[in-house]
Amino acid sequence: MTMYRLGIDVGGTNTDAVVMQGKTVLSGVKTATTEDVTSGVRAALEEAIAAAGIDRAKVGKVMIGTTHFTNAVIERRHLDPVAAIRLGLPATACLPPAVDWPEDLKHVVGDHGYIIGGGYEFDGREIGPLDEEALVRIAGEITEKGLKAAAITCVFGPINAAMEERAKAILEEKCPGLPVVLSTDIGRIGLLERESAAIMNASLLGLAARTVSAFETALAESGLDCPFYLTQNDGTLMAADVVKRFPVLTFASGPTNSMRGAAFLTGVTEAIVVDIGGTTTDVGALHLGFPRQASTIVDVGGVRTNFRMPDVFSVGLGGGSIVADDGGKVGPQSTGYRITREARVFGGETLTATDIAVAAGLADVGDSAKVTGLEPAIIEKAMTEITAILENSVERSRISPEPIPVIAVGGGSILMPDRLGDLDVIRPDHFAVANAVGAAIAQVSGEVDRVFSLEKISREDCLTQAEEEATRQAIEAGALPETCQVIEREDVPLAYLPGNATRIHVKVVGEMGGVDA
């Protein structure tokens with residue numbers, strides 16, 4: 001039986017939806033994002049299904065990209081108070097948990113930090129035994145204060161997770177039903193960043209449960225009886241129950257979806273993707289059809305974290321960017337979602353980048369007669385400024401002088417010229433809903449990132465072991481075994497560790513089973 005995929009991307013301004021059969025986009029729609037989000041998702045999927053003219057009973061899977069959790073951190077809303085427990089005395093007493101967090105965010109999450117005995121040296125030796133009595137005392141305080149979750153971080157936990165797991169078992173015994181997040185499940189080497197990622201994840205667990213439930217309700221009310229998945233920030237999918245445990249892994253999934261959609265719509269796997277929206281432009285590089293991952297610390301809402309994130313940055317240029325009267329300055333201020341009321345081509349009084357694009361003949365939007373009186377010098381000056389912003393952004397993402405194509409997507413990509421310097425620009429079909437396409441075609445992944453000792457096993461055997469484990473994770477998550485392939489394979493010797501240690505990172509992706517491919 002023919003089955004369809006429904007891809008939905010919930011952005012700050014628009015909620016986009018597409019229906020796909022195999023590799024064909026049957027429909028793509030844009031609707032306004034609503035305050036409750038759920039009604040906006042329902043409206044988008046109803047329009048997409050109607051436009052495609054399909055039987056909704058044949059929708060096999062729904063893939064959703066959302067900014068819910070990123071926005072919660074940025075806006076300091078819907079976050080739960082967390083007990084942040086570090087196993088590391090006496091070595092780390094000078095830097096308490098969340099020490100470098102912004103004060104307003106620290107206040108919302110509760111600033112309940114604890115440091116107790118435990119942790120490991122870099123060579124695997126214990127700093128000290130786990131202080132189980134202190135954990136029992138903390139469990140009492142968690143109950144007394146009514147804290148909603150706990151985050152446990154052990155010094156050099158990625159080398160040995162045993163203490164974190166033992167601490168979790170004690171808390172779960174003393175506080176039945178308490179969600180407990182282990183830092184080793186989320187972050188990498190780097191104590192404070194890994195700890196911050198774990199605390200942030202724990203604070204979002206309540207919102208994650210409510211969000212997943214809301215999506216389930218929206219789909220059920222629309223008559224869709226099929227599983228749904230959320231896209232994560234590496235361009236692959238998470239089942240709904242995994243999202244409830246690891247909401248932080250959805251951070252930056254919006255730009256990632258756009259990049260994956262750009263690769264799919266063009267068939268190009270090595271490129272710079274420029275996603276121009278109403279307010280901002282997101283720019284990043286594709287490698288093997290996936291976003292290049294950031295190799296440095298990533299700031300989320302003012303907090304330094306070290307979980308995987310795409311190497312994407314934003315600039316204040318979009319279709320709603322406000323243009324100075326002389327055309328010499330474009331953005332970063334924007335009309336945003338009010339563009340359909342305030343831009344001149346829509347009858348408003350504000351000169352926007354969209355007005356300039358229409359006046360320059362790059363787009364046919366609104367009423368072009370309303371911008372025919374613009375002086376050619378203003379149009380030229382504004383277009384020069386827009387092109388300069390785009391050229392600088394693309395150059396920032398290039399890692400080689402070799403020519404590489406630029407893929408323009410997003411509703412605001414009408415601002416993109418046909419060439420940027422020496423680079424060709426590709427604007428594919430369905431460019432305006434590339435983010436929803438990226439969600440619809442997302443694959444399933446498995447990943448291993450940890451330290452191996454090479455004392456009794458060869459480096460190649462360690463790599464093989466990591467690849468097999470990552471492949472097994474992908475298959476367990478729903479990937480078809482015959483489609484699994486390694487897209488990242490990294491081996492970094494750790495000179496400061498004894499025992500000839502090496503850090504191995506392997507990622508495997510595969511196609512989701514059960515849907516026409």
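User: Leaving aside neighbours within four places in sequence, which residues is Leu-204 in contact with?
Analyst: This is a predicted model. In it, Leu-204 contacts Phe-69, Ala-72, Val-73, Leu-79, Pro-247, Val-248 and Phe-251, with neighbours within four places in sequence left out.

User: Which residues have the most contacts inside the largest nonpolar core?
Analyst: Those are Leu-6, Val-62 and Leu-204, in a core of 59 residues. Helix H7, residues 205-221, gives the most to this core, with six residues.

User: What does the second, separate core include?
Analyst: That core has 36 residues, among them Ile-339, Ala-353, Ile-386 and Met-416.

User: Moving on to Ser-203. Where does Ser-203 lie?
Analyst: Ser-203 is in helix H6, which covers residues 191-203.

User: Buried or exposed?
Analyst: Ser-203 counts as buried, because its relative accessibility is 1% and the cut-off for buried is under 20%.

User: And what is Ser-203 in contact with, beyond four places in sequence?
Analyst: The contacts of Ser-203 are His-78, Leu-79, Asp-80, Val-82 and Val-109. Its C-alpha atom is also 9.6 Å from that of Gly-110, a residue 93 places away along the chain.

User: Now helices. At what angle do H4 and H5 pack?
Analyst: The angle between H4 (residues 132-145) and H5 (residues 162-174) is about 40°, and their axes are 9 Å apart. H4 and H5 are therefore oblique to each other. The crossing of H4 past H5 is right-handed.

User: Which residues make the contact?
Analyst: From H4 they are Glu-132, Leu-135, Val-136, Ala-139 and Ile-142; from H5 they are Arg-166, Ala-167, Ile-170, Leu-171 and Lys-174.

User: How many of the residues in that contact are nonpolar, polar or charged?
Analyst: In the contact of H4 with H5, seven are nonpolar, three are charged and none is polar.

User: What is the relative accessible area of Thr-256?
Analyst: The value for Thr-256 is 0%, so this residue is buried.

User: Last one, Ala-43. Which helix is Ala-43 found in?
Analyst: Ala-43 is in helix H1, residues 38-52. Ala-43 is partly exposed, with a relative accessible area of 34%.

User: How are Ala-43 and Ala-17 placed?
Analyst: They are 26 residues apart along the chain, and 9.5 Å separates their C-alpha atoms.

Notes
Residues are numbered from 1 along each chain as its sequence is written. This is a predicted model: local features need pLDDT of at least 70, side-chain atom pairs count only at pLDDT 80 or more; totals for chains, interfaces and linings use all residues. Side-chain values use heavy atoms; hydrogens and water are left out. Axes are lines fitted to C-alpha atoms, for helices over the stretch in contact, and angles run from 0 to 180 degrees between N-to-C directions. Helices (H or I, at least four residues) and strands (E, at least two) are DSSP runs, numbered from the N terminus. Angles under 35 degrees count as roughly parallel, over 145 as roughly antiparallel, 65 to 115 as roughly perpendicular and the rest as oblique. A crossing is left-handed if the near helix is turned anticlockwise from the far one by less than a right angle, and right-handed if clockwise. Contact means heavy atoms within 4.5 Å. Ala, Val, Leu, Ile, Met, Phe, Trp, Tyr, Cys and Pro count as nonpolar, Asp, Glu, Lys and Arg as charged, and the others, Gly among them, as polar. A nonpolar core is a set of buried Ala, Val, Leu, Ile, Met, Phe, Trp, Tyr and Cys residues joined through side-chain atoms within 4.5 Å. Buried means under 20% relative accessible area, exposed over 50%, partly exposed in between (1.4 Å probe, protein chains only).
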